[in-house]
Amino acid sequence: MSDGPETFVETETVDAFHRGRFHVVQPLGQGHRSGMDAMLLASLVAADRACRVADLGAGAGAAGMAVASRLDLAEVVLVERSPTMAAFARRSLALPENGRFAERVSVIEADVALAGRARRAAGLPDDAFDHVIMNPPFNDSSDRRTPDSLKAEAHAMSDDLFEIWIKTAGAIMKPGGQLSLIARPESIADIIAACGRRLGGIEITPLHPRSGENAVRILVTAIKQSRKRLVLRAPLVVHEEGAHRFSRDVDDLNNGRTAYRRR
């Protein structure tokens, strides 16, 4: 018999995105929770016709679901190696709030580092996707010692992480397909090097918290087999001057009202 009232510990949340257009079940106090980074990543996919999209390292699936929510003709594959996070994604797809796109989204449990036959056997064939999106982990290798079991399951940042992830993206993407990613600015050299001859036409947009402050993220797109030169685009500023609210452009991207199209 209990000596006092039971204490309920919440272990997950159901979070609304795009102003309630879709919802994602996410772990609370552990793992990597999705927010604005995932929504900005999703905004990089601009398509006016049917397309196939792979979300590498999808976690609970927020970015991929944001694409499916905004684009009625998009078919999305969420690729996640953690069985726990993949289960969160499947539970999210089962929510009634996500019913209008759930049939167009699937989940594959696979390591992004798989190559060749192993990758194809996992459900990621060559030249299959029009878009590949990714939000690689920002933690460094020391984070493998974290007591958070879900974070420990994730890829830690390493010297060759972008090389591995972008190699996989290039393999599964159709010629002319688009890679989209969000990362920290210090990763810019690794990203450009990893694109190498696989992908060209790189466009990089720095994301600044406020005017006059240093960039905290970069948005990157590139095209398979393109030979166009790199373009450094005008920055996006998250917050309006002297205010906490989002700037109009970022608010539209964050809430799925528009896409951030390539030049």
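This report describes the fold, nonpolar cores, salt bridges and a surface patch of a predicted model.

## Overall architecture

The protein chain contains eight helices and 11 strands. Of its 263 residues, 51% count as buried. Among contacts between residues at least 6 apart in sequence, 69% join residues at least 24 apart.

The accessible surface of the protein chain amounts to about 13100 Å². Carbon and sulfur atoms account for 49% of that surface.

## Nonpolar cores

The largest nonpolar core has 44 residues, and the members that touch the most others within it are F22, V67, V76 and L78. Two or more residues are given to this core by each of β2 (22–27), α1 (36–43), β3 (51–56), α2 (62–70), β4 (74–79), α3 (83–93), β5 (105–108) and α8 (248–254). Helix α2 supplies the largest share, six residues. Beyond its neighbours within four places in sequence, V67 is in contact with A42, V45, V53, A74, V76 and I133. Another core, of 31 residues, lies apart from this one, and its members include L179, L199, V220 and A222.

Residue H131 is located in strand β6 (residues 129–134). Its relative accessibility is 7%, so H131 counts as buried, the limit being under 20%. When residues up to four places away in sequence are set aside, H131 touches V45, A46, A47, C51, R52, V53, A54 and Q178.

Helix α6 comprises 12 residues (residues 161–172). At 1.5 Å a residue the helix should span 16 Å, and the end C-alpha atoms are 17 Å apart, in agreement with that expectation. The buried residues of α6 are L161, F162, W165, I166, T168, A169, G170 and I172. By contrast, E163 in helix α6 is partly exposed, with a relative accessible area of 33%.

## Salt bridges

R33 is partly exposed, at 37% relative accessible area.

A salt bridge also forms between the side chains of R81 and D111, with an N to O distance of 3.2 Å. R81 lies in the loop between β4 and α3, while D111 lies in the loop between β5 and α4 (116–121), so the pair ties together parts that are 30 residues apart in sequence. Both residues are partly exposed: R81 has a relative accessible area of 31%, and D111 one of 23%. The side chains of R198 and E163 meet in a further salt bridge, at 2.6 Å from N to O. R198 is in the loop between α7 (188–195) and β8 (199–208), and E163 is in helix α6, 35 residues apart. R198 is partly exposed, with a relative accessible area of 27%.

## Nonpolar surface patch

On the surface, I188, I192, L230 and L232 form a nonpolar patch. Together these residues have about 340 Å² of accessible area. Within this group, L230 is placed in the loop between β9 (217–224) and β10 (231–232). The relative accessible area of L230 is 43%, and the residue is partly exposed.

Technical notes. Residues numbered from 1 in each chain as written. Predicted model: local features only at pLDDT ≥ 70, side-chain atom pairs only at ≥ 80, totals over all residues. Heavy atoms only, no water. Patch = residues over 30% accessible without salt bridge, like charges linked within 9 Å, V, L, I, M, F, W, Y side chains within 5 Å. Areas by Shrake-Rupley, 256 points an atom, 1.4 Å probe, with all protein chains shown as cover. Salt bridge = Lys/Arg side-chain N within 4 Å of Asp/Glu carboxyl O. Helix = DSSP H or I, 4+ residues; strand = E, 2+ residues; numbered from the N terminus. Buried < 20%, exposed > 50% of the residue type's maximum accessible area, 1.4 Å probe, protein only. Contact = heavy atoms within 4.5 Å. Core = buried A, V, L, I, M, F, W, Y, C linked by side-chain atoms within 4.5 Å. Expected span 1.5 Å × (residues − 1).
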